[in-house]
Amino acid sequence: MNVSISINGERITREIEPRLLLVHFIRDTPGLTGTHWGCDTSNCGACVVLLDGAPVKSCTMLAAMAEGHEIRTVESLEVDGVLDPVQKGFHELHALQCGFCTPGMMMTARGLLDENPDPTEQEIRTAISGGICRCTGYKNIVAAIRWAAEHPNGVKEEVHA
Amino acid sequence: MTVVENLPSPQTERPIGFGRLKRKEDARFIRGKGTYLDDIRLPGMVHGAMLRSPFAHARIVSIDTSRALAHPNVAAVVTAKDLETLGLAWMPTISYDTQAVLAGDKVRFQGQEVAFVIATDEYSANDALSLIDVEYEPLPAVVNARKALDPDAPLIRDDKAGQRDNLASPLWEAGDQEATDRAFAEADTVVSRDIIYPRCHPAPLETCGMIADFNPETGQLDIYNGNQAPHAHRTVYAHVAGLAEHMIRIRCQDIGGGFGNKVPVYPGYVCAIAGSIVAGVPVKWVENRSENLMSTGFARDYVMHAEMCSKDGKITGLRVDVIADHGAFDSTAQPTKFPAGFFHIVCGSYDLQAAHVQVKAVYTNKAPGGVAYRCSFRITEAVYLVERMVDALALEMDVDPIDLRMRSFIKPEQFPYETTTGWTYDSGNYAETMRVAMEIAGYEDLRREQAEKRARGELMGIGVSFFTEGVGAGPRKHMDILGLAMNDGADLRIHPSGKAVVSISAQTQGQGHETTFAQIVAEELGIPPEDVEVRHGDTDRSPYGLGTYGSRSTPVSGGAVAIVSRKVRDKARLIAATMLEARPEDLAWEKGRWYVKGDPEKGVLIEEIAERAYNGEELPEGMEGGLDAQVIYDPPNLTYPYGAYIAVVDIDPDTAHVTVRRFIAVDDCGVRINPMIVDGQIHGGLAEGVGIALMEVITFDDEGNCLNSSFMDYLIPTALECPDFELGETVTPCPHHPLGAKGVGESPNVGSPPAIVNAVIDALHATHGVDHIDMPCTPARVWAAMQGRPAPPQ
Amino acid sequence: MQTPAAFDYERATSVDGVIASLQKTGAGARVIAGGHSLLPMMKLRLANPTHLIDINDLGELSFIREQDGEIRIGALTRHVDLLKSELLARTFPIFRDAETVIADPVVRNRGTIGGSLCQADAAEDLSAVCSAVKADVVIRGAAGERRVSMEEFHVGPYTTAVGDAELLTEVRIPVRPGAGSAHEKVERRAGDWAIAAASAAVWIEDGRIAEAGVALSAVGLTTIHLSRAEELLRGQAPSPELFAQAGEIASSDCSPTADGRGPVDYKRHLAGVLTTRALTRASERARSQGVGA
């Protein structure tokens, strides 16, 4: 079947099998391997993207189900060289180590802050409880999201290796 | 050991050298531009999928691949018969055993590899698995390590000539049995416990996988793989597959966590390589999460019996007996001379009179492995054992568990300290670290709060653990893996512009090496870290070494980088002397600059020296141009980081649900290159400890069915189960390490489970008489302990 | 990753269209809404429908409103909306209790009440919640609509009264004065299935329990409806002793099986403890009704 899905504001049209999962549709798109997967049972959150602004687990959606909706992936966070406060916060507060859970965590954070711009620590922990991180113990992720809440304006700064 | 300055460069506010520096590698990860294994697509690439055994123990009667081969998208189906013609049906393990790549005669654990499908795409490969018809004849299975050596236990390794039972590794001993018997005979108090460290799993968020790309025209085998020891793997593949080692290139790009899970060579890798050699196209194999949990290197599974004794208020003796469950094949990873890893560091942080340890390993019908998950080669098991026993002894002696530790600690003046089981601890001031932890925790206040709560029927526990571990394997005369000495190399090249490239053997899986190793060069040479490129993960572009696990990166590769930087600095001194028309001995160093002693205006920057090294101007007599150096570092000893941990738990008296309210961790890992990264490593390991103590476990039923083969059943803590960790530090430099650093990655996983379990028992002892509980402390198991009933079956 | 077997897919545009498709396709067809029960099962090849009917566009099935003395919830209402609903928080705070501990916030953005109820997993929280608040469900088929009590709805493990060519469309809860409700759950980790959970609702008039609803999750082959406990409670004044007795009935009337979450004796114990706690909180809320949860 033919599907046409809006990802990061761009319409992507492709012939797919109905069973193709959204996460695979995204990852098969050139330049969009930032959305990861880490389990078979919708537990780990590595695949989280925004669907009409709300975090969803893209491994538990068919690509076909995303037609007619707006998908945003991690690649959409930086705009014209300006990092999203979430990205900046993760870098400032050392909220990533291996980086594998990071896109899912950041998109979850982005969804949270868009709805609740001033979350408490408990609200942050609850919001990210659908994702697993093996590296950071979550402490710095929580601090990074708080930082992003406190610094809501994107900062055009060089973050390069 | 050279004392290293820690001064920021005058030109910039960012540290040039040690200090809290934000990570260079973040740039790609925060943009979703990491390159993990499954992100890599090569032209003409095909996909592999593995058919696995549903039975824990069964004879294979027949395998019919015809229906799978008839699938239009299937290119090949590989079975043991096919691998036999290539000599690849079995492969050697790190423990000098053999492991089936694909099962031929029998399957020996649920999830064992039986056939490998190669198809055009992942979905078709998965479909084809259900088109392979295997007829099995189930056999009785043994999944309990204690039963594995029963005379009527089914024989698992009937493939090994002369194997009559399920003993995987003969009895291994350390310490002095006679001296230990004497200590126990003279003791005032003796306690004993049966303690299990259950099977758990490192479960990194990225599963294991490989792309193998063999070019039949050139004979080059390109491998993309997330593994923790690329050079060692290359050597193994050369032996196993009979390939020329110099024609194998392994590239580990970004790895989504390792924790020891990505150390072994897995059958899927060998099948991908075999597939690519035969088909001449790239073959990608990526395991799913069930495969990861069911078949890859698990951790722990130690069944232990221990006794500990004290005299005059001080711990004097320890004896430990261990049955180690290695699964169906002995593939544990540890240095050759240490079949039980470093378990015999179990004498811990105490000035014991004597200790005796014996470990034997058995086969069971479970996945192979055992050494993984930040274990420091079994030190997690050892520290768990000794710290549980110290608390058991404190209970029996009716003394505060911290007081007993303080009285029994090795004292600062006793270092370097030789333990009764043959370790030489380098440096330590244990009491100081313990005091810092008590202060951060507010220990006295916590005890007061506990008493008040107890009076109201509320259950609160305070648990302590103190650990000394040994990391940084290791000296070549003692430590090799598969005959490969555990040394690491470092190559440093300074370009004419003063920019540097340092190539290292260590293999990051998130530890921040692109930043910390640049910081070492920065510290030694004064070149800003952003001008130092750290090269790693490519066997063609990095020096031979044994990779990253066992917290060895800083102790070994870090030592190598420090020494190679000093070699460059020494050469730079000679060039500087020529530039300044002075004698080398008249020059002094400040970070980034050689200058004339007594005339500090007269100096040259390292960048200027670099330019001189390459331009046509005069160089010292006999010196070659360029500013490069190369070393292989052979550490003189392990390093011995240590720490004091305190856990505070609350237990619901009716539901028995345990919450870790606070966790205080004071680590002493010597000099800290980047405190931000050190803290991050500790946070992560503590979260793993919360998981292991409360919820992570791999269990089996009597037929050998794995009951925790997905993230629905293998539970990993979320942000809601982890407290806001409170960290402290003490710094006791390592006297033999070039930087005084010790390494820290595994310490938090080593030290945290016993603190939490000790806290649970502390909450329940006075009111419910609980004096032991095995992990995980799930509500059901805690409740059973509170009722005095035996723990539910594992 | 594990991937599902192949199937045909259609996007429904009307409820009647769904029913017609179900009739036409027969046994191999499944309806998919949030998909967080069905898709994982399909990936593990435990469910292999040949035809999926995606009902996510049926916005007319997503609502929470008060109408004709009932709270009516459309079957396609997402967990997140049940959690946020102020109407529900005011009238039946048991929903907010349960939703706080159902799966995780990201899954709650997609999963629906209809999907949860029709999955009929005994450990599923909303089934017990709906049982406790005396909900009926509305099922539509080719023959029209029928209204079914939760007792009739729960046929067996993973089996409901919804027929092959029928669709669950609505949950209806009668609004009566004096209501208080609560849900108590113990899990090994956030987002996990319950080891045991208790849902309780009471309607208190003149200091006595005029009506009670008590149901348990995860301690039987299906949702346990504690009718004996309800009988005990009816007509009585709330008291700790009464609720402790109800807890004892809960312990004995459930039929848990031993598994990784716990052995039988612990689950029975939990059923009792949580029933007592849920009833206590429900009755406190009934007393302070209108002041908030």
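**Notebook: chains B and C**

I began with the contact between chain C and chain B, where I counted 13 residue pairs in polar contact, taking both residues at pLDDT 80 or more. I keep in mind that this is a predicted model. Helix α12 of chain C, residues 264-287, gives the largest share of the side of chain C that touches chain B, namely seven residues. Sorting that side of chain C by class, I found 12 nonpolar, four polar and eight charged residues.

I then looked up salt bridges across the interface of chain C and chain B and found four. One I followed joins B:D127 to C:R45, with 2.7 Å between the closest N and O atoms.

For the extent of the contact, I noted 24 residues from chain C and 25 residues from chain B. The area buried between the two chains is about 2,000 Å², and carbon and sulfur atoms give 55% of that. Of the area that chain C buries against chain B, 31% is supplied by C:R188, C:R189 and C:Y266, more than any other three residues.

Next I turned to a sheet in chain C, an open one of four antiparallel strands in the order β11-β12-β13-β14. Strands β11 (179-186) and β14 (224-225) of chain C each have a single partner strand, so one side of each has no neighbour in the sheet. I traced eight bridges from β11(C) to the antiparallel strand β12 (residues 196-205) of chain C, and C:A179 has C:W203 in β12(C) as its bridge partner.

Last, I checked B:S95, which sits in the loop between β4 (90-92) and β5 (98-100) of chain B. I count B:S95 as buried because its relative accessibility is 16%, under the 20% cut-off. Its side chain reaches the backbone oxygen of B:T332 at 2.6 Å.

How values were computed
Residues numbered from 1 in each chain as written. Chains lettered and ligands numbered in written order. Predicted model: local features only at pLDDT ≥ 70, side-chain atom pairs only at ≥ 80, totals over all residues. Heavy atoms only, no water. Helix = DSSP H or I, 4+ residues; strand = E, 2+ residues; numbered from the N terminus. Buried < 20%, exposed > 50% of the residue type's maximum accessible area, 1.4 Å probe, protein only. Polar contact = N/O pair within 3.5 Å; in protein donor to acceptor, adjacent residues only side chain to side chain. Pairing = 2+ DSSP bridges. Contact = heavy atoms within 4.5 Å. Buried area = accessible area lost by both parts, 1.4 Å probe. Salt bridge = Lys/Arg side-chain N within 4 Å of Asp/Glu carboxyl O. Nonpolar A, V, L, I, M, F, W, Y, C, P; charged D, E, K, R; others polar.
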